Amino acid sequence: MVARYGGPAYWLARDRARAARGADAARDRFWGKVAVEIARLDGRVIGLGTGERWR
């Protein structure tokens, strides 16, 4: 996914997880894990606000 979409891959995976939420729990979990793995590869920290990232 990163090779195909580059920088927006994380946001695309999050959007797909949100679209699957409620309709298909397995698909929601899958895309959530994909987004977390892409974030890990990019060095992103999930769950921090903008002000907390730069402390």
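Reader: Which helices are included in what covers the buried residues of H2?

Author: This is a predicted model, in which local features need pLDDT of at least 70 and side-chain atom pairs count only at pLDDT 80 or more, while totals for chains, interfaces and linings use all residues. Residues are numbered from 1 along each chain as its sequence is written, and side-chain values use heavy atoms, with hydrogens and water left out. Buried means under 20% relative accessible area, exposed over 50%, and partly exposed in between, with a 1.4 Å probe and protein chains only. The cover over the buried residues of H2 includes H1 and H3.

Reader: How many helices does the secondary structure of the protein come to?

Author: Helices (H or I, at least four residues) and strands (E, at least two) are DSSP runs, numbered from the N terminus. From that end on, the elements run α-α-α-α. The protein has 0 strands, and its helices number 4.

Reader: Which residues are buried in H2, and on how many sides of H2 do they lie?

Author: The buried residues of H2 are Ala9, Tyr10, Ala13, Arg14, Ala17 and Ala20. The arc, taken from the directions from the helix axis to the C-beta atoms, is only 135° for these residues, which puts them on the same side of H2. An α-helix has 3.6 residues a turn, so residues three or four places apart point the same way. For H2, then, the answer is the same side.

Reader: What span is expected of H2 at 1.5 Å a residue?

Author: The expected span of a helix is 1.5 Å times one less than its number of residues. H2 has 12 residues, and from its first C-alpha to its last it reaches 17 Å, close to the expected 16 Å.

Reader: How far apart are the end C-alpha atoms of H3?

Author: H3 runs over residues 25–42, which makes 18 residues. At 1.5 Å a residue they should span 26 Å, and this agrees with the distance between the end C-alpha atoms, 26 Å.

Reader: Within what arc do the buried residues of H3 fall?

Author: In H3 the buried residues are Asp28, Trp31, Gly32, Val34, Ala35, Ile38 and Ala39. They line one face of the helix, because seen down the axis of H3 they fall within an arc of 160°.

Reader: Against which helices do the buried residues of H3 pack?

Author: Contact means heavy atoms within 4.5 Å. The other side of H3 has the exposed residues Arg29, Lys33, Arg40 and Leu41. The buried residues of H3 pack against helix H1 (2–5) and helix H2 (9–20).

Reader: How are the rings of Phe30 and Trp31 arranged?

Author: Rings of Phe, Tyr and Trp (its six-membered ring) pair if their centres lie within 6.5 Å; planes under 30 degrees apart count as stacked, over 60 as edge-to-face and the rest as tilted. By this rule there are 2 aromatic pairs, one of them being Tyr10 and Trp11, edge-to-face at 4.8 Å centre to centre with 75° between the planes. Phe30 and Trp31 have ring centres 5.1 Å apart and planes at 75°, so this pair is edge-to-face.

Reader: Is Trp31 buried or exposed?

Author: Phe30 has a relative accessible area of 47% and is partly exposed. Trp31 has a relative accessibility of 15%, so Trp31 counts as buried.

Reader: How far apart are the C-alpha atoms of Leu41 and Val2?

Author: Leu41 lies in helix H3 and is exposed, with a relative accessible area of 56%. Leu41 and Val2 are 39 residues apart along the chain, and their C-alpha atoms are separated by 9.4 Å.
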